[in-house]
Amino acid sequence: MKGNVSRDWRRWLPPRHWLITAIPYAWLLLFFAVPFLIVLKISFSEAAIAMPPYTELVEYVDQVLTINLNLANYAYLWEDALYVSAYLSSIKIAAISTLLCLLIGYPMAYAIARMDPATRNVLLMLVVLPSWTSLLIRVYAWVGILKNNGLLNNFLLWLGLIDQPLAIMNTATAVYIGVVYAYLPFMVLPLYANLVKHDQRLLEAASDLGARPWRAFFTITLPLSRAGIIAGSMLVFIPALGEFVIPELLGGPGNLMIGKVLWQEFFNNRDWPVASAVATVMLILLIAPIMLFHHYQGRELEAARR
Amino acid sequence: MSNVRVSTTAKLFLLIGFVFLYAPMISLIVYSFNESRLVTVWGGFSMQWYVALFQNQQMMAAALRSLQIAFLTATAATVLGLAAALVLVRFPLFRGRTLFSGLITAPLVMPEVITGLSLLLLFVALDGWIGGRGMLTIWIAHVTFTVAFVTIVISSRLREMDTSLEEAAMDLGANRIRTFFSVTLPIISPSLAAGWLLAFTLSLDDLVIASFVAGPSSTTLPMVVFSSVRLGVSPEVNALASLLILAVSIGAAVSWWLMWRAGKARQRDLQNAAQE
């Protein structure tokens with residue numbers, strides 16, 4: 001009997017499947033892919049006092065077609081030290097925060113994966129729950145904790161550990177705390193999804209053969225969880241690189257991040273072409289991490305399929 | 001096999017992690033009941049900030065607008081996400097699949113400033129077609145960035161689903177449409193609900209993308225909150241945050257209970273089936 005049943009997936013499809021493909025495909029192409037081309041285009045134009053505030057690239061006047069490719073925006077980004085240092089400090093902040101998330105998130109994911117299934121689900125929900133409330137509000141909560149007369153300083157003063165308030169607010173430390181806090185769940189989830197699939201018999205075998213728990217961890221568990229580590233790290237690193245809310249609310253003038261620079265170019269200076277050039281360079285920097293994320297995410301999905 | 005003990009160190013890490021995640025939220029709730037305007041000085045219990053919140057016309061109007069956008073976003077994103085998930089899971093090969101799966105994963109990580117700026121520039125370019133910037137443009141932007149999340153939620157359920165049920169329905173003579181609506185859809189419905197809720201909260205929380213694509217008359221709740229917290233700590237925002245945390249906790253408790261009940265029922269069915 002069973003041999004007769006066709007294994008062809010297509011048989012179980014709802015009909016008109018080209019329509020099912022076309023609608024989401026067209027939506028994402030129009031509203032996600034095409035806009036990047038427009039950003040690229042406008043990054044080559046000149047700021048103008050007009051609406052929209054930039055010049056056209058292609059002009060056709062008196063039967064003369066002129067294409068104006070203005071590279072000045074990119075030259076400006078390169079020459080002005082502000083932009084280069086903003087890119088570098090964003091990469092640094094995102095990278096260190098990713099590492100901190102990994103150091104805190106890995107043991108958490110590991111512990112959750114070892115619990116019995118009922119406890120697992122509750123703990124997992126507790127990890128996800130904060131990210132269902134507004135990021136803005138959770139970052140704002142840290143303002144009340146970290147500022148000079150905030151909860152943390154009051155607590156430490158009360159304990160007698162410090163004589164005068166620590167200046168944490170508006171420093172790089174505050175930005176790190178904010179980024180790690182906001183993105184920790186995105187590290188824990190893929191790590192958990194990976195770790196929970198591990199075959200515990202491998203560790204038993206290692207222990208039977210005389211390996212200490214730490215040795216077994218470094219030779220078995222850690223290499224096996226590579227895909228989860230990379231997926232989680234990219235889920236933290238990529239959005240953190242362009243973060244705006246956290247440096248704006250917790251950081252000081254010294255903690256420039258590129259997302260904040262883009263925001264200011266757009267909203268404060270109203271220079272759309274420079275903002276577009278900033279976005280284009282950021283995208284170029286992110287292509288490799290996004291491909292890496294896509295690869296490992298795809299692999300996890302393939303693995304789940306089997 | 002859970003006979004490997006969870007070490008005390010791991011449990012300690014878990015505890016520290018949860019304190020780190022929850023302490024800020026608890027401090028928000030506690031200080032929302034504070035009499036004093038100074039958020040960090042305890043001046044006695046008071047509900048005045050909740051009263052002030054509900055009397056704040058600007059915030060209430062923005063909240064209503066945000067809820068409307070979130071509702072419409074979640075609904076559209078669930079429909080598009082269901083279609084995209086079917087494409088990803090059930091159509092293994094077609095031309096342009098690589099690009100399609102890229103279009104699903106990239107929005108998951110794309111920095112919000114880039115998505116916001118690029119969509120705004122598109123809307124400006126389409127000016128004559130879309131009309132002014134306002135709720136429509138915010139809705140389009142929100143659907144675009146939430147579809148990816150909904151697709152991931154639905155496709156993981158679709159992937160682990162037992163296709164023999166669909167095969168059985170087809171063998172019993174149901175056509176594809178009937179099979180889809182009376183077998184497939186009910187089975188994956190929990191993931192549709194989860195995806196809808198995820199899109200709803202993502203839309204409700206979004207500040208950056210909405211700031212780019214909103215017009216002057218379509219301020220959303222996060223935009224109002226942002227402009228008030230930028231000036232410093234504001235107790236009304238604490239009250240708002242506490243209400244939001246309450247709503248999310250209730251939602252989480254209900255969904256946990258539903259999951260628990262479904263798990264129980266499944267276990268009972270399995271036992272009954274084993275006995276027969």
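The radius of gyration is taken here over C-alpha atoms, and the rule for a globule sets it at 2.2 Å times the number of residues to the power 0.38. In this predicted model, chain A has a radius of gyration of 25 Å, whereas a compact globule of 306 residues would have one near 19 Å. Along the principal axes, the C-alpha atoms of chain A fill a box of roughly 85 × 80 × 35 Å. Chain A holds 13 helices and two strands, and 45% of its 306 residues count as buried. Among the contacts in chain A with a separation of 6 or more, 72% are between residues 24 or more positions apart.

The confidence of the prediction was considered next. The mean pLDDT of chain A is 85, with 92% of its residues reaching 70 or more. Over residues 1-6 of chain A, however, pLDDT stays under 50, and for this stretch the model has two contacts beyond four places in sequence.

Chain A meets chain B through 85 residues of its own, which are in contact with 75 residues of chain B. To the side of chain A that touches chain B, helix 1 (residues 17-43) of chain A gives the most, with 17 residues. By class, that side of chain A is made up of 64 nonpolar, 15 polar and six charged residues.

Helix 4 of chain A, which covers residues 117-132, was examined individually. This helix has 16 residues and reaches 23 Å from its first C-alpha to its last, close to the 22 Å expected at 1.5 Å a residue. Within helix 4 of chain A, a kink of about 25° lies at Leu126(A), shortly before the proline Pro130(A). Pro130(A) is itself one of the buried residues of this helix, which also include Leu123(A), Leu124(A), Val127(A), Ser131(A) and Trp132(A). The cover over these buried residues comes from both chains: it includes helix 3 (81-114), helix 5 (135-146) and helix 7 of chain A, together with helix 1 (8-32), helix 9 (176-205) and helix 12 (235-275) of chain B.

A contrasting position is that of Gly160(A), which is found in the loop between helix 6 (151-159) and helix 7 (172-195) of chain A. Gly160(A) counts as exposed because it has 7 C-beta neighbours inside 10 Å, and a residue is exposed if 12 or fewer other C-beta atoms lie within that distance of its own.

Technical notes
Residues numbered from 1 in each chain as written. Chains lettered and ligands numbered in written order. Predicted model: local features only at pLDDT ≥ 70, side-chain atom pairs only at ≥ 80, totals over all residues. Contact = placed C-beta atoms within 7 Å. Helix = DSSP H or I, 4+ residues; strand = E, 2+ residues; numbered from the N terminus. Nonpolar A, V, L, I, M, F, W, Y, C, P; charged D, E, K, R; others polar. Buried ≥ 20, exposed ≤ 12 C-beta atoms within 10 Å, placed from the backbone. pLDDT = per-residue confidence, 0-100. Expected span 1.5 Å × (residues − 1). Bend = angle between axes of the 7 residues up to and from the residue.
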